[in-house]
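Colleague: I am new to this structure and would like to learn how to read a few of its features. Where should we begin?

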Amino acid sequence: MIQNILKQKVVGVDLGYEKTTYAIVDVRGNEVAKADFPTTDYPDINAYISHLSNKIVELVEANGGYESIRSVGISSPSGNYLTGCIEYSPNLPWKGQIPLAAMMRDRLGLAVAVGNDAHVRALGESAFGSAHGMKDFILVVLGHGFGSCFFSNGHPHLGYAGFAGEIGHNCYKVDGRSCGCGHKGCYESYCAGRGVLQTAEELLAASDEPSLMRGVSDLTPKLISDFCDQGDRLAIEVYRRTGEILGFILGNYASVINPEAIILTGGITKAGKWLLEPTNETFEKVVFHNIEGKVKILTSSLADEERDVLGASVLAWSVKEYSLFK
Ligand SMILES: [Zn+2]
């Protein structure tokens, strides 16, 4: 009983491609302590697990001790809540199926939950951000990839095997652009980072129209949106096309799900109105008439890093406590 009263904190971990951030979070969502290290320093999974466990123990011992920690939640690309594994991530250095939750639990002696980064982000938005108080919404992550989560009746909709909600890997064009998942024509290959750049390349190649994008050797989606702010017509057209395709898929899914809102997160959404206006316009054209004008398309109110660690802490509360002696 005393133990339960003491255990009012969890550890939230955001495993990102470049950086791993971990924090001790109390029951009210306050970050008690936080630190990070480069994920890329650990191309071997065993070395990564060992380092992450040691760093968590260090942070916990310096901030209230092991007895105060109930459990651990980890947000990971290709994480599967139902299996606790990272499942064949195309972009992480560790290949195949990685039993992350079991490996961390064995090291730490604490219950560990693993979730897909988009699902965890939805938990974070629901508990602390733009989706606060909403039971039904769609969350989209537009960055390197196109992740998404259907938050349904207060929970991420997981589907039969935990892979539900992949809007980004629906097919926009048969035999279209190559996607990181191995298929062709996915929405991800038009709306996420590389897709935006490919649209820019195609537009530049199709005309001689002057543009600030011409001759820039390392063009980025952020630079393109800066050029939009400067009135560059072709740059504006890049995001208009991106938004048109995004609005099309979101309108179709909103007709299936009937969400209260769609929360857009990730680097690409920082383009703001250049992306959102064409997205909204196409969305309203294609969405089912009974919900036309009734779905809020919002951008996140939280900083990515803060929200993802907090979301992982929400995930941590969802697992049963673990004990070797039970
Ligand atoms: Zn794909």
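This is a predicted model: local features need pLDDT of at least 70, side-chain atom pairs count only at pLDDT 80 or more; totals for chains, interfaces and linings use all residues.

Colleague: How is the pair of Phe-37 and Tyr-42 arranged?

Modeller: Planes over 60 degrees apart count as edge-to-face. The planes of Phe-37 and Tyr-42 are at 85 degrees, with 5.7 Å from centre to centre, so the pair is edge-to-face.

Colleague: And how are the rings of Tyr-22 and Phe-37 set?

Modeller: Their planes are at 55 degrees and their centres 6.1 Å apart, so this pair is tilted. Tyr-22 lies in strand β2 and Phe-37 in strand β3, so the pair ties together parts 15 residues apart in sequence. Tyr-22 counts as buried, at 3% relative accessibility. One aromatic cluster is formed by Tyr-22, Phe-37, Tyr-42, Tyr-48 and Trp-94.

Colleague: Which residues lie nearest the centre of the largest pocket?

Modeller: Tyr-17, Asp-117, Val-141, His-144 and Gly-145 do, out of 46 lining residues. The pocket holds about 1,400 Å³ of space. Its lining divides into 13 nonpolar, 20 polar and 13 charged residues.

Colleague: Which element gives the most to that lining?

Modeller: α4 does, with four residues.

Colleague: How do I check the length of α4?

Modeller: In an α-helix there are 3.6 residues a turn, so residues three or four places apart point the same way. At 1.5 Å a residue, the 12 residues of α4 should span 16 Å, and the end C-alpha atoms are 16 Å apart, which agrees.

Colleague: What caps the N-terminal end of α4?

Modeller: Asn-116 does, with a side-chain oxygen 2.7 Å from the backbone nitrogen of Ala-118. Nine of the 12 residues of α4 are buried.

Note on methods:
Residues are numbered from 1 along each chain as its sequence is written. Side-chain values use heavy atoms; hydrogens and water are left out. On a 1 Å grid over the protein atoms alone, a cavity is a set of points where a 1.4 Å probe fits but cannot get out, and a pocket is an open set with protein on both sides within 12 Å along at least five of seven lines; lining residues have an atom within 4 Å of a point. Grid points are joined across faces, edges and corners, and a volume is the space filled by probe spheres set on the points. Helices (H or I, at least four residues) and strands (E, at least two) are DSSP runs, numbered from the N terminus. Ala, Val, Leu, Ile, Met, Phe, Trp, Tyr, Cys and Pro count as nonpolar, Asp, Glu, Lys and Arg as charged, and the others, Gly among them, as polar. The expected span of a helix is 1.5 Å times one less than its number of residues. Buried means under 20% relative accessible area, exposed over 50%, partly exposed in between (1.4 Å probe, protein chains only). A polar contact is a pair of N or O atoms within 3.5 Å; within protein, one must be able to donate a hydrogen and the other to accept it, and residues adjacent in sequence count only if both atoms are side-chain atoms. Rings of Phe, Tyr and Trp (its six-membered ring) pair if their centres lie within 6.5 Å; planes under 30 degrees apart count as stacked, over 60 as edge-to-face and the rest as tilted.
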